[in-house]
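Grab the viewer and try each exercise before reading its solution.

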Amino acid sequence: MLTAMSPELAETPEQRVGRIVKERRERLRLSQEEVKSRGGPSTTNMTAIENGARDFSTYTGRTIAGLEDALGWEQGSIDRILEGGEAALRTSAPATPGLPVGSRVDPDALADALKQMQSGLDAIAAMLQETRGPEGK
């Protein structure tokens with residue numbers, strides 16, 4: 001039961017999001033840095049979010065999507081919390097493993113990265129061949 005002294009009654013929507021984000025991060029035993037490494041916002045932005053210090057309209061969609069993904073929430077969870085609802089837990093893996101939801105891959109950059117990886121694999125195969133000798137043993 002909420003009373004006149006309950007902090008929830010005096011919260012702005014941003015403060016409510018901040019409280020819920022921090023509770024979720026702590027429940028997952030993640031530091032702000034770990035949220036960042038999972039594709040979430042910078043630690044500076046995480047501090048501002050958790051303190052309810054900024055209007056969410058100032059964050060990019062990528063920042064919000066990255067935060068939701070890092071916390072294991074479905075896209076749109078932040079908006080639901082801002083509107084007084086609850087976050088929805090993601091029930092499936094992100095669409096692109098290793099990338100935050102909402103991020104885009106540059107096809108040319110991907111092709112270059114794959115070529116570099118293939119060159120590295122070719123070099124490793126050549127070294128293994130030298131180590132094993134001509135018979136491959």
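A salt bridge here is a side-chain nitrogen of Lys or Arg within 4 Å of a carboxyl oxygen of Asp or Glu. By that rule, this predicted model has 5 salt bridges.

**Exercise 1.** Find what links E86 and R16, and say whether each is buried or exposed.

*Solution.* 
- Step 1: E86 is in the loop between α6 (77-82) and α7 (107-132), while R16 belongs to helix α2 (residues 13-27); the two are 70 residues apart.
- Step 2: look at accessibility. E86 has a relative accessible area of 55%, so it's exposed.

**Exercise 2.** Work out how far apart E23 and R19 are along helix α2.

*Solution.* 
- Step 1: the closest N and O atoms of this salt bridge are 3.5 Å apart.
- Step 2: E23 and R19 are 4 residues apart, about one turn of the helix.
- Step 3: E23 is partly exposed at 35%, and R19 is partly exposed too, at 25%.

**Exercise 3.** Explain which parts of the chain D69 and R90 tie together.

*Solution.* 
- Step 1: the salt bridge between D69 and R90 has its closest N and O atoms 2.5 Å apart.
- Step 2: D69 lies in helix α5 (residues 61-70) and R90 in the loop between α6 and α7, so the bridge ties together parts 21 residues apart in sequence.
- Step 3: D69 is buried at 9%, whereas R90 is partly exposed at 27%.

Terms used. Residues are numbered from 1 along each chain as its sequence is written. This is a predicted model: local features need pLDDT of at least 70, side-chain atom pairs count only at pLDDT 80 or more; totals for chains, interfaces and linings use all residues. Side-chain values use heavy atoms; hydrogens and water are left out. Buried means under 20% relative accessible area, exposed over 50%, partly exposed in between (1.4 Å probe, protein chains only).
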